[in-house]
Amino acid sequence: MKAAILIQRWYRRYIARLEMRRRYTWSIFQSIEYAGEQEQLQLSSFFSFMLDNFTQLNGSGPGDPMNEEGGGARYELIEVCDSYCGPHLSFPLSVSHTNALLSAFKEQQTLHARYVLQLLHETKKFLKQMPNIIHLSTSYSKEITICGDLHGRLDDLLLIFYKNGLPSPENPYVFNGDFVDRGKKSVEIIVILFAFLLLYPDHMHLNRGNHEDHIMNLRYGFTKEVMQKYKNHGRDILKLLQDVFSLLPVATVIDSKVLIVHGGISDMTDLHFLDSIERHKVKSALRLPRRSLDCVVMARGGGQVKGQLGSSRHHPGLSPSMLSPAHLSQVPCLHSFVPTETLPAAPGEEEEWKQIVDLLWSDPKVQNGCTPNTFRGGGCYFGPDVTHSLLQRHGLSLLIRSHQCKQEGYEVCHDGKVITIFSASNYYEEGSNRGAYVKLGPDLTPRFFQYQVSHCTRKLTLHQRVSVAEGSALKALQEKLFAHRSELMNTFQKYDRNNTGWISPSEWAQAVESVLRLDLPWRTLRPRLARLTQDGNVEYLSCFENIYAGQPLPQVTPNLAETLYRYRTDLEIIFNIIDKDHSGLISIEEFRHTWKLFSSHLRVAVEDSAVDDLARSIDFNKDGSIDFNEFLEAFRVVHRLDTKDQQQE
């Protein structure tokens with residue numbers, strides 16, 4: 001008996017330790033994800049400025065035929081060659097077409113650009129007729145299935161269809177946004193969803209998510225995926241997708257009782273107002289309305305702007321100095337800049353934009369009230385009282401939303417009044433989370449179904465699954481430490497006045513949080529990130545021992561290389577904007593222009609000669625231009641443990 005009790009105690013402690021590791025692993029993944037979104041929002045005005053000016057220079061300005069009504073008909077000029085062996089589409093679509101698409105994508109085939117453009121053109125025509133808020137009824141079917149974020153995971157979509165059946169009049173679906181980005185099969189997912197939308201317009205419904213946004217797509221992979229799969233027609237596809245995404249409905253209501261939105265609500269959300277807006281005007285939730293941009297430029301003195309990504313909140317991304325005439329005059333190739341004072345500001349446009357941002361970006365919280373969503377940088381945190389108020393005001397009983405990855409694929413909060421549903425399994429790492437969908441019948445009682453796409457997870461023990469996810473999370477965290485090394489060292493040395501090389505664990509935790517602001521349990525994580533001295537203090541230099549730069553770069557100016565490491569994702573976005581032919585190559589002159597624009601936003605003063613030296617050092621094959629793969633290789637970080645593993649193999 002004693003032995004059994006001892007084994008039971010040991011097992012409970014073992015499971016408790018695994019659960020602690022699983023929880024902090026999850027916290028790391030989520031904090032880094034939200035920090036990335038916050039950075040994206042903080043740079044939103046800068047990217048808007050880039051798009052407004054460089055897209056005109058690149059030939060996709062107001063005179064582009066794709067901007068004109070019927071411009072999508074360009075697909076008629078594209079010839080489908082005899083060697084193409086993928087699926088063929090003709091409109092109106094039939095069940096045989098959707099079956100052919102599913103079969104082709106399972107076989108890793110790519111749909112011809114002509115058919116992609118034609119499908120998007122037909123989808124755009126259809127969506128123009130749709131209201132902002134879709135109203136459905138369970139009286140016409142036994143149940144309605146609601147799916148959350150897919151994020152380019154085709155295997156998850158196929159598994160949902162395998163378990164739950166294909167969309168049909170007897171099996172209607174609502175897909176609640178974030179179809180694209182992060183995963184590698186975003187093109188295939190939107191093709192399948194749009195095809196079923198056209199095939200069953202009364203039984204297939206799509207809400208817009210915060211990633212149905214061309215600026216988000218620049219950062220999180222969808223733009224790159226389209227250009228890689230459709231080198232000749234990718235730009236036309238992306239341009240048409242801007243219109244299609246902006247025309248997606250923003251909400252769905254079932255039986256006048258259940259509200260479905262991608263992100264959430266705020267204390268300012270008004271469904272009657274949302275039903276009347278012109279949603280297509282909001283091409284990107286990250287782009288400020290012209291009226292707000294006017295206020296920034298006209299402020300001249302760098303004053304703060306009121307109004308931001310969501311209702312009653314401060315916009316963190318605006319940098320008046322970046323938009324000032326002084327900076328603009330220093331930047332080459334910006335002669336096409338149109339002063340924003342001359343641009344029209346439609347009445348009510350800003351309020352429409354705020355309301356849509358709240359629907360796409362907000363998250364629930366435990367406490368009452370509505371506060372800025374500072375962790376993501378946009379939308380708000382809404383409490384149970386905000387949920388209760390909106391549901392009561394509109395005669396609703398339940399809010400279903402997505403937008404947040406949940407370990408079990410779903411979560412219920414706010415006294416059962418809010419459901420979060422997330423359909424991309426293994427979102428952060430193999431085995432990190434389940435996916436789920438929810439079904440509602442006439443009684444509107446939710447039934448949850450969980451699943452997990454697995455190629456190798458089932459072969460792993462619980463300990464192995466936790467270890468794999470933990471290792472991946474810690475690598476991402478170490479890269480964050482590496483990218484902020486200078487700031488961290490300055491902060492560590494403020495505590496270490498005698499230059500001993502060590503500080504107390506509490507000082508170390510405070511220093512790291514003050515720089516990274518990830519709200520993580522740093523004292524719990526410390527054993528995995530830094531060593532202790534014999535007397536229990538932290539050797540803070542040991543934070544950086546297991547990671548180093550993939551390619552040594554000349555230190556042309558203090559901390560320049562580190563700054564580039566930190567902002568390499570943002571620089572990739574600018575590269576994509578400036579790379580006129582999407583060849584993946586930019587000249588050293590273009591590289592200088594890129595850095596000059598970005599450094600004006602970061603307020604990092606760098607001489608042209610220093611940037612030229614850096615550009616030449618990145619040009620590894622010395623052909624006079626920078627291949628973007630060269631750029632990524634230059635700013636890749638290497639983990640020493642990975643190197644040891646490779647040497648042992």
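Contact means heavy atoms within 4.5 Å. The exercises below use this term on a predicted model.

**Exercise 1.** Find which residues of helix α5 and helix α6 meet, and describe how the two helices cross.

Solution.
1. Locate the helices: α5 covers residues 154–164 and α6 covers residues 186–199.
2. Compare their axes, which come within 9 Å and cross at roughly 35°. The handedness of this crossing is left-handed.
3. List the residues that meet. From α5 these are Leu154, Leu157 and Phe161; from α6 they are Glu188, Ile189, Ile192, Leu193 and Phe196.
4. Sort them by class: the contact of α5 with α6 has 7 nonpolar residues, 1 charged and no polar.

**Exercise 2.** Describe the packing of helix α17 against helix α18.

Solution.
1. Helix α17 spans residues 485–495, and helix α18 spans residues 505–516.
2. Their axes lie 9 Å apart, at an angle of about 145°. α17 passes α18 in a right-handed crossing.
3. On the α17 side, the contact is made by Glu487, Leu488, Thr491, Phe492 and Tyr495. On the α18 side, Glu507, Trp508, Gln510, Ala511, Val512, Ser514 and Val515 take part.
4. By class, the residues of the contact of α17 with α18 divide into 7 nonpolar, 3 polar and 2 charged.

**Exercise 3.** State the average pLDDT of the protein, and find where pLDDT stays under 50.

Solution.
1. Begin with the whole protein: the average pLDDT is 80, and 75% of the residues score at least 70.
2. Residues 291–345 stay under 50 in pLDDT, and the model has 108 contacts beyond four places in sequence for them.
3. Residues 640–649 are also below 50. That stretch has 7 contacts in the model beyond near neighbours in sequence.

Terms used
Residues are numbered from 1 along each chain as its sequence is written. This is a predicted model: local features need pLDDT of at least 70, side-chain atom pairs count only at pLDDT 80 or more; totals for chains, interfaces and linings use all residues. Side-chain values use heavy atoms; hydrogens and water are left out. Axes are lines fitted to C-alpha atoms, for helices over the stretch in contact, and angles run from 0 to 180 degrees between N-to-C directions. Helices (H or I, at least four residues) and strands (E, at least two) are DSSP runs, numbered from the N terminus. A crossing is left-handed if the near helix is turned anticlockwise from the far one by less than a right angle, and right-handed if clockwise. Ala, Val, Leu, Ile, Met, Phe, Trp, Tyr, Cys and Pro count as nonpolar, Asp, Glu, Lys and Arg as charged, and the others, Gly among them, as polar. pLDDT is the predictor's confidence in each residue, from 0 to 100.
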